[in-house]
Amino acid sequence: MAKQEMNKTTGRGSGFKRAALTMVFYAAIFPVRAAEFAYGIGYSATHSDNITRTPDAAAARSEIIHSYLAGFAFAENSTNFFGRVLAQAEFRDYQDDTYGDESLYNLKSNLVWTLSPQRFTWTLDDTYEQTRISAAAADTPDNRANVNVFSTGPDVYFRFSPVQTLALGARAGNVYTGRANADSDRFSGSARWLYQATSSNIYSLNYEILDVQYDDAALNTDYSSHNVFLRADYRPSRSLYTLDLGVTKINTDRGQDLDGTLARFSWLRQLTTDSNFGMAASGEFRDAGADILTASSATTPTAALTSGEITSDVYYVKRGSLFYNRRSARFGLDLSLYTQDLDYETTLQDRKENGGVLNLLFFLSGTTTVTLSTDQIRTEYRDFVRRDTERDSGIRLDYRMTRSVTLALEGRREERSSTIPDAEYVDNRAYISILYRSSPLFTPVSTR
């Protein structure tokens, strides 16, 4: 493949300027607060024997990728402020110029200011990451674009009694999609009547409205959605149950209006001091912007599922997932299983996905950790005859040279088998990195 234009996969410069300015702003203001702040830098080199992920082994091109990393993390949970921010910049140099050099940014932030306790709060969420343009194509720089999802606004609480509360919220936001041409402005509002039946039971009646306006109205269809649902929260000792039941109606500027059921259930359980379990199931209308923003603030794998691609289309998705994790002095286990069935309204990408992730960690000493990992997803497309199975397996050695410096070695095999021979590939990778971190709150990670 000929050398690509520099930064082709990064999209328009305005997105990068926004991410870079946001990172500089956060880095400037957060250290002065009474909170945790950490930073880190690193270098990594990755060798790939099939960087373009071609199905033809004879045409496969090897490549060495040099990555230079820098970033920081911030955390605070005080009376009037809650904040979680992780920001990182990565410059990626392709040694043999198979692709143009890239500057990649990643940002995940959730900030909540309590301006008046139990009366008025202001929330800001922002996520900047790289996402596939098409889930059917191989994950290469040609099939990735930068996505930024931003949302901010107030919540106001009117307490009519110790157990009755009216909560009103409003959000203004924006979705930037780089090369995918699905940028949009988003405006939403909510009204919730909450009733606290007991110290551990809260019931609520909820109404939500979302209006989405696309920059390119000729290519994309503006729409508004309305959710009405009942919610029950039950919080016994060491558990959390949440159940939503309701309906959704979507009005589109062009085409047929939509309506459907909204149903969500989740159960989180702390089994012991060393282990946790969770499960979730849902059926609802979603879009890529809402999925990315929800996943970025998720604290468990049950809430982190997305469609895995950029689209302006609305889809009805049925999801189910569970996770289990455990840590001991010598051993760690992370297991998650999931399924999702995506039904797009106009795009011919309807599919069912079943997957799972398994990580086994062996703490050989206070300085040495070995990790065995495997990630598999099976995709069956509905609009055409195709079935893919993607696997990503590897072994990693982490050696902590000092309290702040870690050396890592890793080998991975990434492959896809398919009923479409042209979609198959095998990509073997070897990886070495040296990373510095000021504290465990932040560790630089290459977005390989």
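This is a predicted model: local features need pLDDT of at least 70, side-chain atom pairs count only at pLDDT 80 or more; totals for chains, interfaces and linings use all residues.
Residues are numbered from 1 along each chain as its sequence is written, and side-chain values use heavy atoms, with hydrogens and water left out.

I begin with the strands. Strands here are DSSP runs of E with at least two residues, numbered from the N terminus, and two of them pair if DSSP finds at least two bridges between them. Strand β15 (residues 331–344) runs antiparallel to β16 (residues 351–363), with twelve bridges between them; Q340 has E353 in β16 as its bridge partner. The hairpin joining β15 to β16 passes through six residues. Strand β16 is also antiparallel to β17 (residues 368–381), through 13 bridges, and here L358 stands opposite T374. The hairpin from β16 to β17 has four residues.

Next, T131, which belongs to strand β5 (residues 120–132). Is T131 buried or exposed? T131 is buried, because its relative accessible area is 10%; buried means under 20%, exposed over 50% and partly exposed in between, with a 1.4 Å probe and protein chains only. Leaving aside neighbours within four places in sequence, T131 is in contact (heavy atoms within 4.5 Å) with residues including N143, R144, I292 and E309.

I turn to the aromatic rings. The structure holds 14 aromatic pairs. Rings of Phe, Tyr and Trp (its six-membered ring) pair if their centres lie within 6.5 Å; planes under 30 degrees apart are stacked, over 60 edge-to-face, and the rest tilted. Y39 and Y436 form a tilted pair, at 6.1 Å centre to centre and 45° between the planes. This pair links distant parts of the chain, since Y39 in β1 and Y436 in β20 are 397 residues apart. Y39 is partly exposed at 42%, as is Y436 at 29%. F160 and W193 are stacked, at 5.5 Å and 20°. F160 lies in the loop between β6 and β7 and W193 in strand β8, so the pair ties together parts 33 residues apart in sequence. F160 counts as exposed at 55% relative accessibility, whereas W193 is partly exposed at 36%.

Finally, a cluster: Y234, Y241, W267 and F277 form one aromatic cluster.
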